[in-house]
Structure formats: structure tokens, C-alpha cells
Amino acid sequence: MSLFGKLFGKDAPVTRQLTQPMDLRVGDMVTLDDSFALPPQLRGQQFRVEAVNTYEYEHSQEPEFVLKGNSGDAVYMGLEQDDETWLAFSIKLHRSQVEALFDLDAFAEIFEEPGKATLNTMPLTAATEPYAQWLADAYHQVAFAQFGYFHRQDYRHGKPSQFMENNPGEAFEAYELLDGDESRAIDIEVYQDGDTDVLLTLYRPLSDIREYWPGD
């Protein structure tokens, strides 16, 4: 600190260090790798963290980072813990897109016991080609009606409670299918009011985030 700063008691501003996705906050920005291994929706894109939500399960809770880029479309990013940590990028599909990508009779088997459905992707068309790198040729089911709560709040530094009066969370059942090498998934969330979210998920290494930009 300079003599001037010492005399007037002013400290130099401290810049927050940001080096890993778990530390992201609303307002932070990330730049992704420009590798052709990433789909066009992600490749070389810069995203701002618009929200941090929480998925609560019986024995765990997981943050969800809502990212927005130049297109204005939301990309959802989670962290998958295995032998190492992976980025999980997801995009939501509309019903018409689900119908274009999968046979609906086969898709309906995902919700039938014993929860061991298999699903093949239909041949791509001009309309579905943008999803090519998000998709696998075939999937097998690995999760059936897993109960959880979705919270529109960041609980990384505290545990949510279902007894909270103002924010009890939205109850849902989760279904998941993986491809053969577990690099791509279909994630489905069915909420109590009947709303259903279908997401295509792509698992990628942490190194795909090339730069971090703290928002404060």
C-alpha cells in the first residue's frame, strides 16, 4: 500500500478470484472452448450466470447454473461427481422437438415399471440437425421416478428444508437415460402439476471452461 493510502486508511480493492465452476455466482461470466467437440450452441460462446438453483434429493443437493449467451436461449450447467468432476450442459426440448427426435411410443416406456427402457434416436432431418452433437444413437434407462425438490434458490452454503413456509420447493420425479459411453443423457423431470421438462445433457471436462470473469 502507498504512503498516501496508509495516511488516509484506504485499502486497495480486492478482486474476487474465480477458478472453478462451483464458485460461480449470479453475474459472473464464463467463456467456453472453441473446440469442434462442442456443439454450436456452446462452442466458443461466452455466457453470463443468470440464476443459481438447487436440486434436492434424499441424500444430496446439486446446484444448477442458468447460463445465457448472445442467443438469449438458456443453457443449464450442473456438476457431475464421479471419479472426477464433469460439467453437465443441458438444453430443454419442446414437445415438438421430442416428437421429431424420438418415437413417442418408445419414449412412453420410460415411465413404465421396471424402468429399464431403451430408446433410439430417429434419423436427423434439417430441423433436428442442430442437435446432432447433443444426441447419441441409443440410450438405456438408469433412473426411474427418483423423487426430489427443485428450489429457485442457491443453497450451496445451507441446506434447504421442506418445512420452510415461503420456499418449500417444487416436487418432481426424475428419469434418466444414458448412452453407451455415458457422455450423453436424456433427463426428464415430471412435476406434480403435470409439467414435464425434457433435457438433452452433454458431459464435458472442466477444462472446457477456458476463462472465468467475476461479476464483482
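Predicted model: local features only at pLDDT ≥ 70, side-chain atom pairs only at ≥ 80, totals over all residues.
F144, at 28% relative accessibility, counts as partly exposed.

## Confidence

The chain averages a pLDDT of 91, and 90% of the residues score at least 70. Over residues 1-5, however, pLDDT stays under 50, and for that segment the model has four contacts beyond four places in sequence.

## Aromatic pairs

Across the whole structure, a search finds 10 aromatic pairs. One of them joins Y55 and F150 in a tilted arrangement, with 5.0 Å centre to centre and 50 degrees between the planes; this pair links distant parts of the chain, since Y55 lies in strand β2 (residues 46-56) and F150 in strand β7 (residues 138-151), 95 residues apart. Both Y55 and F150 are buried.

F144 and Y175 form an edge-to-face pair, at 5.4 Å centre to centre and with 85 degrees between the planes, and this pair links strand β7 to strand β8 across 31 residues. F144 and Y175 also belong to a cluster, linked by ring pairs, that includes F102, F107, F111 and Y139.

## Strand β9 and its neighbours

Six of the eight residues of strand β9 (residues 184-191) are buried, so this strand is largely enclosed by the rest of the structure. Strand β8 (residues 170-178) pairs with β9 in the antiparallel sense over seven bridges, with I186 as the bridge partner of L177; in the hairpin of β8 and β9, which has five residues between the strands, E182 takes a positive phi near 60 degrees.

β9 also pairs with strand β10 (residues 196-205) in the antiparallel sense over seven bridges, where the bridge partner of A185 is T201.

Technical notes: Residues numbered from 1 in each chain as written. Heavy atoms only, no water. pLDDT = per-residue confidence, 0-100. Contact = heavy atoms within 4.5 Å. Buried < 20%, exposed > 50% of the residue type's maximum accessible area, 1.4 Å probe, protein only. Helix = DSSP H or I, 4+ residues; strand = E, 2+ residues; numbered from the N terminus. Pairing = 2+ DSSP bridges. Phe/Tyr/Trp six-rings, centres within 6.5 Å; stacked < 30°, edge-to-face > 60°.
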